Structures are given as C-alpha cells and as structure tokens.
Amino acid sequence: MKDIAEIRADFPILKRKVYGKPLVYFDNGATTQKPQCVIDTVDEVYESYNGNIHRGVHFLSDMSSEAYEKAREKVRSFINADKREEIVFTSGTTGSINGIAFSFGEQYIKPGDEIILSQLEHHANIVPWQMMCERKGAVLRVIPINDNGEIILEEYYKLLSSKTRLVSVTQASNALGTILPVKEIIAAAHHINVPVLIDGAQGVQHGIVDVKAMDCDFYVFSGHKIYGPNGIGILYGKEKWLSGLPPFQGGGDMVDKVTFEKTTYNELPFKFEAGTMNYPAAIGLASALDYVSDIGRENIASREKELLSYATSRLSAIEGVKIYGSSDMKISTISFHIKDIHQYDTGMILDKMGIAVRTGTHCAQPVMDHYGIEGTVRASLCFYNTKEEIDTLAEGIEKVKSMFA
Ligand code: PMP
C-alpha cells in the first residue's frame, strides 16, 4: 500500500488551507475529495473526446460511447454483478432509489401492501417510498433501533409478513456509522420471496462489496462518495427484477420504436437510461474505482478501522463529549455532542480552525428522534485522514469547550 504521504499527495485539495489553517476534512460522509487521476480523466473527456454517447456515427461519439460502456463494465466487476445489463447509470443514490420506488410501485404495489425500512435510513431511502405508498395506498413499516444505534433484528423478523413486498435498508448509517446485518436481513426476506434493496451510499467506499455474495436484489450508490465525480450514481438490479420493471423516465435512448400510438423500449440497461447521461462523470467514476482498487479495499477498510478506533478513544476521553452510535460494527463515522453546546456552534468554531465536520440531523431525522435530540456533530473519516488530524479535532473540541466555559 502507498504510504499516507503518497496517498494524500494524490488529492490536490488536501494541500489547501482554510482560514490560514491546514484543512482537516472530516466530512467524507457528505462527499469525498477527488484524486488527481479522477480530475484528469474528466478533463480528458472534455479536452479530447467529448461527443454524445450512443447517438453519433462520428469518431468522438464512438470514443465517448466506448469509454462509457467500459465504465459500466468496471462498475460491474467492482461490485461483482453477473452482467453489464444489471448496471444502470443514474444521477446518484437518490436518483436510483426514486427510480426503483416508482417502477416497483407501478408494477407490483397494491393498497395495503407493505414496504419495510429501518429507523437508520437517510431521507433518500424514506421519502421516495413514502411518495410511492401515498400513490398506491401502501404502508411503510419501520425496523426500530436500540440505544447503541443498531437495528433490532427480532423486530424485523416480526414485521415480515405476507403483506411485505420489498425491504429497503442502508448498508451503513450515515448518521451514526452503524453497519447493518444486511446478509441476515436479505436471507430472512428471501425466505418469503421478498426482494431487498441495499442503499450502499455509505457502504461501497469502505470495503469490498460483492452483490452476488450479499444476494441483494438491488444495490445503489453515488459516485461522489467513492472519490468519483458528482452527478453519477449506480442502480444495480438482478436481471430478473430489472427486466420486469417499467422504465421510470421516458426520452431518447431508452426506446426501441416510437410512434404516437405506442412506444416499445430499449433492452437492459438502456431502458432505464433516458436522455443524455452524464457520461464524463461515469468515465470519471471508473477512474475512481481503479484508484480505490489500486489502494486496495482491504487496506482501506483496515486503515479506516484503525482511525475509527483512535478517534473513538480520543473523543470519548474528553469530558462532556457524548458519542451517539456505539455498535461494534461501524464505518469510520463518529457522531457526537458536547454537553450544553449547540452542534452548530461547535461546527462553526471548528470550521474556523480549518476542521470540516457536518452538523445537524444528517438527513436522518428519525435517528435523532430516537435519541430525542436535535442533531449531532459528525466527523466522517476516510483512509486519507490521519491520527494527527484526529488530534487536531480533539484539541479543537477542548477549545470549543473552553470558549463556552
Ligand atoms: N443514503 C445514504 C445512506 C446517504 O448517506 C446519502 C448521502 N448522504 C444518500 C443516501 C443520498 O446520496 P446522494 O445525495 O448522493 O443521492
């Protein structure tokens, strides 16, 4: 594995200062920074072969189309899907979930049917299902969590019934860091022939994802959270599901034959890719996946585990700091609160020290409701962070405390 200085040198933004202080970037859960290779790849598309994909007969369009389809193949192999037809490019996790919620709802949902989610979900894995339930007269059922921030599996098993049509849960909580027992969740749903969608927005960047081994029916994630460009995401679906679902958007490229009387649709995966896709971002995502593979996904996971453990012991040793989410299974995300100090004040003061954290509900209001709090301060770490940066955060927290003492 490259050493940490080499890794950090790959990310130009990490060299910059904020308010004259070295940047400490602990908001990786919101978006990750980009290595030079990703920036260069996207630049190269625009500089040397930009042409709309799948449409032209000309050289540039051919080149772009080829790179776009190679990117699809890269994603397929990265998550170990069976076929390229099962990989749909979207605008991001939100786009993927909205698409499936719409299509699945149109095809399979009747009044009284149930969709199971967990209390750990990001709003992106709540609201699209809620909108679908309102349209179709279906009902959301929610797996509760305990005070460690873990879902209560026994309660999940009780929720599964002949009314359940789909289970949609996150791989890891963006608000607390908890990793969910997705294999158990999927196995129990499959036992009664119910498909499962896994929201991988906080999973794919932290370790190896193998959709075949996991046996999920759908898996979604965002390029920008795995060191790739913004505006691109993935919807993986088993062919048996995708082939039976209607498109969620109509337009160019997703069609076979169009007349005013009737339109027939393109084959998979193009049936779900209407209009001009963000091909420069898809090509950039492939470059990000190459970068992650070069660093090594086991290496990333073990480095992040070490950072999480160091950060947890550093922060929990500070008097007045309460950490929310104490599962043994966590990604490198720590949510905390300093006694008697509002999270926005903490976040704003840390910012002036060059430390970027996120404050608030983290688009996961039901998690905050469980604890009866308004929000937390969240430090989401990744492999390019260092123990020295964690020390800087710990010193920053002490300073915040002293300012409010
Ligand atoms: N799900 C989870 C668990 C997330 O953390 C996020 C982003 N914070 C999303 C969904 C939505 O991702 P995006 O905004 O990239 O669509």
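## Charges over rings

Lysine 322 lies over the face of tyrosine 324, at 4.9 Å from the ring centre. In a second case, the charged end of arginine 297 sits over the ring of phenylalanine 78, 3.6 Å from its centre. A charge counts as sitting over a ring if NZ of Lys or CZ of Arg is within 6 Å of the ring centre and within 35 degrees of the ring normal.

## Basis of the model

This is a predicted model, in which local features need pLDDT of at least 70 and side-chain atom pairs count only at pLDDT 80 or more, while totals for chains, interfaces and linings use all residues. Residues are numbered from 1 along each chain as its sequence is written, and side-chain values use heavy atoms, with hydrogens and water left out.

## Aromatic pairs

The structure holds 16 aromatic pairs. Rings of Phe, Tyr and Trp (its six-membered ring) pair if their centres lie within 6.5 Å; planes under 30 degrees apart count as stacked, over 60 as edge-to-face and the rest as tilted. The rings of tyrosine 227 and phenylalanine 383 have centres 5.2 Å apart and planes at 75°, so this pair is edge-to-face. Tyrosine 227 is in the loop between strand E9 (218-222) and strand E10 (233-237), whereas phenylalanine 383 is in the loop between strand E17 (376-380) and helix H14 (387-404), 156 residues apart. Helices (H or I, at least four residues) and strands (E, at least two) are DSSP runs, numbered from the N terminus.

Tyrosine 227 also forms an edge-to-face pair with tyrosine 384, at 6.0 Å centre to centre and 70° between the planes. Both tyrosine 227 and tyrosine 384 are buried, that is, under 20% relative accessible area, where exposed means over 50% and partly exposed lies in between (1.4 Å probe, protein chains only). Phe11, Tyr227, Tyr291, Phe383 and Tyr384 form one aromatic cluster.

## An open sheet and its helices

Four strands form an open sheet in the order E13-E14-E17-E16, with antiparallel pairing. Two strands pair if DSSP finds at least two bridges between them; E16 and E17 pair over 3 bridges. Strand E13 (321-324) and strand E16 (358-360) stand at the edges with a single partner strand each, so one side of each has no neighbour in the sheet.

Helix H12 (residues 343-352) lies across strand E14 (333-338), E16 and E17, running at about 160° to E16. Helix H14 lies across E13, E14 and E17, at about 15° to E14. Axes are lines fitted to C-alpha atoms, for helices over the stretch in contact (heavy atoms within 4.5 Å), and angles run from 0 to 180 degrees between N-to-C directions.
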